[in-house]
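We will go stop by stop.

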Amino acid sequence: MKRPDIIVVGAGSAGCVAARRCAELGLRTLLLDRKPKEKIGQKVCGDEVSKSHFEATGIDIPKDDEISTVIAGADVYPPSLKNELQVRGWSDFDGWTLNRLTFGQRLLDEAIQAGVIFMPSIHVGGPITIGDQVTGIQYKNLETGEEKIVKTKIVVDASGFAAIIRNKLESPLIENNIDKGDIALCYREILKLKVPLAEPEVARVFLGEGIAPQGYAWVFPKSAQEVNAGIGVTGGEGKGSPKAHFTEFKKKYPLLFESTVIDGKGGAVPVRRPLKSLVGDGVLFVGDAALQVNPIHGGGIGAGMRAGIILGEVAREAIARRDVTAKGLWSYNTRYLTNFGKRLAALEIFRRLLQSVSDEELDYGFEKRILEAGDLMAANKGDGFSLSPMDKMKRVRRGAGKLSLLLKIQKAASLMKKMSKAYAAYPSNSAGLDKWERNVLSIVEDANFK
Ligand SMILES: Cc1cc2nc3c(=O)[nH]c(=O)nc-3n(C[C@H](O)[C@H](O)[C@H](O)COP(=O)(O)OP(=O)(O)OC[C@H]3O[C@@H](n4cnc5c(N)ncnc54)[C@H](O)[C@@H]3O)c2cc1C
């Protein structure tokens with residue numbers, strides 16, 4: 001291959017989609033991953049993805065052996081495990097639990113078919129730079145031991161949580177230190193249940209400090225008698241090991257009693273609003289490396305694929321204009337952050353609300369239906385949710401014992417709208433970024449519901 005136009009580091013879902021789009025648009029694209037080819041797609045994950053992401057991107061929906069099972073609803077449980085909210089009939093929640101390996105292999109095949117050159121077993125050590133401009137990468141071939149530098153016009157960091165390029169760059173545009181409170185440490189098991197599921201198309205989510213400190217637990221069906229179940233905990237090691245919390249959870253939730261463990265592993269996922277800038281000079285960030293993840297449930301497959309499509313288009317335009325500085329790449333920021341990114345940012349507020357509510361308040365709120373299924377749906381869309389005066393009165397009557405909870409919910413709804421508005425007004429160039437960031441940080445600071 002002649003010198004590549006663009007190098008994509010990491011062949012996860014975000015990297016494969018981004019690389020494919022670049023190649024489709026005529027860029028000489030090199031995709032590197034430290035895994036061997038047959039392991040691309042293997043990932044510790046909840047495996048669930050919504051159909052809406054495929055509709056939004058035009059990526060073919062998963063089929064046949066890429067699908068473990070179809071999902072058509074969710075039950076959300078408070079700590080008491082009683083009075084769950086049943087979220088049904090909303091297409092945004094419809095989707096699948098995936099066979100991650102076959103799905104990942106398909107995304108890789110599609111990238112290769114589009115013209116991407118893929119090199120497996122390549123460990124990228126970091127970027128090569130001239131001043132602030134990224135001009136290439138250095139890597140080690142894990143099979144031959146060969147070490148090499150490859151120069152290019154644009155480097156894409158799609159290396160997931162590791163963010164191997166981003167973490168080695170220093171520039172006012174680039175964020176390297178992500179707060180521990182914005183990272184979910186997870187543990188998940190694939191379990192064979194003793195008794196088959198009554199509703200194998202329904203995902204289950206569990207809230208509460210007593211179950212998952214500052215996080216949540218999930219049970220996602222893989223088939224009628226197999227589930228992907230796990231726990232994510234934010235706030236760092238001080239919150240205890242997610243595996244230990246999961247072991248406790250398995251003792252509490254009858255569905256999991258006497259289940260057989262097929263596989264158990266840990267992982268980590270960022271649960272914050274996306275990076276303030278998804279671009280730097282000669283560099284673009286996508287997927288977990290860009291914090292493109294839904295902050296309330298840690299879902300990042302769709303969020304990263306959506307970004308990958310935009311990234312390819314922006315890279316092609318920037319190379320055609322011969323401007324691969326942050327300025328030339330800026331439209332990736334505006335196109336993603338004013339659109340899907342604003343939804344993710346608003347959801348960070350909802351995450352903060354859920355983290356601030358005590359187990360007692362959660363149980364009460366679910367029992368009295370102070371929070372309704374419609375709120376969860378609106379929140380998931382990142383719109384914030386509006387309570388009409390009539391609605392407010394009804395909820396005040398139902399929740400008379402805990403008005404403070406209703407006030408917190410109202411405050412969260414209003415801050416979500418504010419955050420959404422701030423992202424809609426993302427600056428058109430880096431000159432406005434500091435002022436914009438100050439506004440965003442002040443909204444985050446307000447989202448303290450204690
Ligand atoms: C326990 C858990 C449960 C989750 N559940 C869900 C869920 O149900 N639904 C959902 O949508 N999301 C879920 N997520 C999040 C989701 O898995 C990620 O958001 C998504 O996989 C991110 O894709 P990515 O392509 O950015 O990164 P990854 O899939 O992590 O891919 C990164 C790639 O980069 C490669 N790489 C890393 N470092 C280097 C290096 N130095 N050199 C070369 N290659 C490198 C890796 O080998 C990997 O292939 C979950 C995450 C966890 C941890």
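Domain bounds here come from an automatic or database domain assignment. This is a predicted model: local features need pLDDT of at least 70, side-chain atom pairs count only at pLDDT 80 or more, and totals for chains, interfaces and linings use all residues. Residues are numbered from 1 along each chain as its sequence is written.

**Stop 1: the domains.** Colour the chain in three parts: domain 1 (6–47 + 101–176 + 273–337), domain 2 (67–98 + 180–270) and domain 3 (345–446). Now take domains 2 and 3. Their C-alpha centres are 24 Å apart. Helices (H or I, at least four residues) and strands (E, at least two) are DSSP runs, numbered from the N terminus.

**Stop 2: the ligand.** Show the 42 residues around the ligand; Gly 12, Gly 46, Gly 160, Gly 287 and Gly 300 come nearest. A residue is near if its C-beta atom, placed from the backbone, lies within 6 Å. Which domains supply the shell, with at least three residues from each? Domain 1 and domain 2 do. Elements giving at least two residues each include H1, strand S9 (122–130) and helix H5 (301–320). By class, the shell has 18 nonpolar, 16 polar and 8 charged residues. Ala, Val, Leu, Ile, Met, Phe, Trp, Tyr, Cys and Pro count as nonpolar, Asp, Glu, Lys and Arg as charged, and the others, Gly among them, as polar.

**Stop 3: H1 and H3.** Select 13–24 (H1) and 100–113 (H3). Their axes come within 8 Å and cross at roughly 20°. Axes are lines fitted to C-alpha atoms, for helices over the stretch in contact; angles run from 0 to 180 degrees between N-to-C directions. H1 and H3 are therefore roughly parallel (under 35 degrees; over 145 is roughly antiparallel, 65 to 115 roughly perpendicular, the rest oblique). Show side chains: residues in the contact include Cys 16 and Val 17 of H1 and Leu 107 and Leu 108 of H3.

**Stop 4: H8 and H12.** Select 340–356 (H8) and 403–424 (H12). Here the angle is about 155°, with the axes 8 Å apart. That makes H8 roughly antiparallel to H12. Among the contact residues are Ile 349, Phe 350 and Leu 353 of H8 and Leu 415, Met 416 and Met 419 of H12. The contact divides into 11 nonpolar, 3 polar and 2 charged residues.

Terms used. Two residues are in contact if their C-beta atoms, placed from the backbone, lie within 7 Å.
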